[in-house]
Amino acid sequence: MDFNGSSGVGSNELHNNQFYQCEENKPLLGEMSEGNNNTKLGAGPCKRSLHHCSSSGMRYKLLHEGDIQVCVVKHPRTFLSKILTSKFLRRWEPHHLTLTDSSLISATPTGYMETSLSYSSIEDLQLLSWDNAPKYCVQLSFPGGTILLQAANSYLRDQWFHSLQWKKKIYKYRKVLNNPSRWDVVLKEIRTLVDMALTSPLQDDSIHQAPLHIISTLLAENSNLSTQDHESIIVAIAPLLENNHPPPDLCEFFCKHCRERPRSMVVIEVFTPVVQRILKHNMDFGKCPRLRLFTQEYILALNELNAGMEVVKKFVHSMHGPTGQCPHPRVLPNLVAVCLAAIYSCYEEFINSRDNSPSLKEIRNGCQQLNDRKPPMPLCLLRPEPPTEILVELERNNNSANTRLKGGPIGSDSEPNLIDCLLVSPALNTLSIQLPAQADRVLGCFALILKMLSDYDDWRPALASLLQPIPFPKEYVFNSELKYVIQRFAEDPRQEVHSCLLSVRSGKDGWFQLYSPGGVACDDDGELFASMVHILMGSCYKTKKFLLSLAENKLGPCMLLALRGNQTMVEILCLMLEYNIIDNKDTQLQIISTLESTHVGLRMYEQLCDRQRELKELQRKGGPTRLTLPSKSTDADLARLLSSGSFGNLENLSLAFTNVTSACAEQLIKLPSLKQLNLWSTQFGDAGLRLLSEHLACLQVLNLCETPVTDAGLLALSCKKTHKMNHDVVESSFIMQKPRLSNSKTD
């Protein structure tokens with residue numbers, strides 16, 4: 001049976017018919033006309049269900065395929081044909097139908113569905129409910145007959161009806177808007193299409209995405225529209241964008257509008273909720289890079305307004321919210337991704353300008369001369385004196401090594417990638433990139449956004465974690481806004497924030513190394529470096545381990561800052577002497593000379609000498625081997641007791657049920673022979689436990705019942721190598737909550 005009938009699609013039809021409401025002047029199933037005369041089928045009375053989406057609360061999933069019963073009824077033209085089409089002789093066929101973009105086809109093209117049914121040939125869709133039998137049917141009228149689709153229940157019938165109605169309407173709109181004639185008519189069609197999508201009872205992503213794709217295709221094929229037409233179309237589709245991301249082609253159209261009309265009210269009124277939704281709900285800019293580009297262009301358009309960055313600041317604040325905690329966890333990662341992509345795009349433009357700029361390898365090897373390039377240069381490489389040898393830090397297979405490269409013929413090595421060329425390195429200080437004014441504006445805008453993000457306390461931990469492994473371009477590490485962000489990290493007392501100042505892995509420079517004296521980004525004589533050292537020393541890091549790292553890698557900068565009177569560095573040098581970090585005698589003497597060269601250093605060194613004399617007196621052999629302090633004793637009582645004589649033989653100390661805190665650890669680490677320590681029911685916490693694990697090498701038994709020690713404190717114990725704590729005793733403080741002293745000793 002052939003269903004291919006011709007049915008013209010006019011624009012007036014789209015206006016005259018209200019979606020999802022059957023027209024009253026359409027014939028009923030039993031009133032098929034023969035010529036101009038109405039002739040009834042012998043099917044009995046039937047009812048047409050008028051469907052109004054606004055009054056119905058039912059929602060349906062868009063069908064793409066399904067099983068249904070099919071019956072075809074031809075228009076009766078003779079008496080015999082009327083008999084053959086009566087209800088007693090009708091035959092139903094089961095079919096698995098698929099709703100494609102242009103037609104209705106069967107998986108088994110036989111019988112009634114031998115050929116596909118084009119949506120253009122469907123003249124009308126109606127819902128039918130028989131009176132005499134529980135049959136739920138959808139009527140599809142085509143030239144010469146009618147197709148009945150029978151579902152199992154009313155819900156499936158309505159689902160098939162709305163799905164077919166949607167496919168038919170979308171097919172018509174795609175044809176109408178594919179060849180536009182008058183743009184005033186096209187604008188009306190777009191508004192009707194948007195209303196249809198918004199009032200549809202179907203729930204599916206394609207319900208709102210299909211109209212957006214149709215409109216984006218229309219805009220892509222008609223790029224010569226006026227600005228007024230652009231804005232009219234954007235306003236018309238704005239309701240669809242409230243709960244949907246714009247497709248890629250539409251993002252390009254929005255980007256173009258932001259660049260050409262940044263002060264348009266459309267940017268504020270229409271694009272703002274769209275960008276807010278992108279930042280709140282987008283999960284991966286890698287899959288949707290044009291969404292990220294549109295967000296960048298929108299922010300740059302805000303920056304072009306009269307208030308400039310104040311408008312951008314208000315936008316960032318609106319994304320965070322008025323409370324102290326941002327309710328949307330995706331906002332910060334998305335904003336950081338947008339900012340980093342914008343920053344890198346400025347330097348990628350420099351690298352990719354192949355005609356007037358040196359290649360990536362030439363930047364790395366430093367062998368390109370200024371007079372080799374063609375004027376004028378929109379992006380130029382400035383280098384006063386071309387070096388014959390340059391130190392470049394490369395990474396291969398997670399192993400870093402310093403390689404000295406000499407200028408040689410181009411092409412001897414494979415072309416390096418962007419990150420290899422722009423990784424910060426102290427040896428590249430003479431290399432600078434002059435970017436155009438537009439790139440400077442982009443850098444300034446998004447650098448200020450990073451600065452704004454660092455001012456929110458709840459965002460700072462995640463921001464520090466996101467920026468920790470990022471290899472910023474060399475020029476950008478000198479940016480004052482980036483330095484402000486790192487300063488905020490260094491001032492934050494939370495460990496999860498300032499721990500990100502260190503490198504993400506061994507052998508990889510972190511912010512701590514970059515801003516140290518002699519580092520590529522240090523331009524303040526080490527003030528930021530000193531503040532980072534101060535906050536890291538006060539955290540729960542291993543003091544001794546951190547001092548060893550400073551002595552191995554940053555002893556020179558520490559001595560230089562101490563020589564200039566920096567109190568933090570003076571304290572660092574004193575701690576190195578007190579903990580015997582430095583083995584070389586000459587280095588020890590140099591540190592002592594550095595300390596004695598300033599008033600602050602001399603005073604702290606004299607205090608260190610006094611403590612060392614007291615320590616020698618305390619650790620002198622003699623005194624008791626077991627000691628128990630009375631209950632309610634304090635840290636001051638313990639310090640007073642230990643300063644009264646020699647305790648070099650003390651092996652067992654009980655502070656149970658006293659009022660000592662972690663502060664008493666400063667006294668306990670002076671006992672070299674201490675093997676058993678009872679801290680049951682005290683306020684001894686993680687900070688004190690960290691000191692004990694670093695300095696009491698002989699400690700074997702430790703009772704922590706009913707103490708405020710947390711997992712972080714136990715982690716410090718797990719790193720103790722010389723002697724391990726008794727695990728049964730430690731475990732009892734958290735599980736059994738009762739004393740369980742043990743005399744067992746484990747190596």
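Strands E6 and E7 (residues 103-106) pair in the antiparallel sense over three bridges. Strands, like helices, are DSSP runs numbered from the N terminus (helices are H or I with at least four residues, strands are E with at least two). Two strands count as paired if DSSP finds at least two bridges between them. The model is predicted: local features need pLDDT of at least 70, side-chain atom pairs count only at pLDDT 80 or more, and totals for chains, interfaces and linings use all residues. Residues are numbered from 1 along each chain as its sequence is written, and side-chain values use heavy atoms, with hydrogens and water left out.

The link between E6 and E7 is a hairpin of three residues. Within this pair, Thr98 has Ile105 of E7 as its bridge partner. Strand E6 spans residues 93-99. One of its faces is covered and carries Glu93, His95, Leu97 and Leu99. The other, with Pro94, His96 and Thr98, is uncovered. E6 also pairs with E5, again antiparallel, through six bridges. There, Ile68 is bridged to His95 in E6.

Strand E5 (residues 65-74) is joined to E11 as well, by six bridges in an antiparallel arrangement. In this pairing Val73 stands opposite Thr146 of E11. E11 has a further antiparallel partner in strand E10 (residues 136-142), with seven bridges between them. Leu140 is bridged to Ile147 in E11. E10 and E11 form a hairpin with two residues between the strands. In that hairpin, Gly144 takes a positive phi near 100 degrees.

How many of the residues of strand E11 (residues 145-151) are buried? Seven of the seven are, so the strand is largely enclosed by the rest of the structure. Buried here means under 20% relative accessible area, against over 50% for exposed and partly exposed in between (1.4 Å probe, protein chains only). Both faces of E11 are covered. Gly145, Ile147, Leu149 and Ala151 are buried on one side, and Thr146, Leu148 and Gln150 on the other.

Helix H10 covers residues 309-320. Its 12 residues should span 16 Å at 1.5 Å a residue, and the end C-alpha atoms are 16 Å apart, which agrees. The expected span is 1.5 Å times one less than the number of residues. Met309, Val312, Phe315, Val316, Met319 and His320 of H10 are buried. Seen down the axis, these buried residues fall within an arc of 140 degrees, so they line one face of the helix. The arc is taken over the directions from the helix axis to the C-beta atoms. Gly321 follows H10 and has a positive phi, near 100 degrees.
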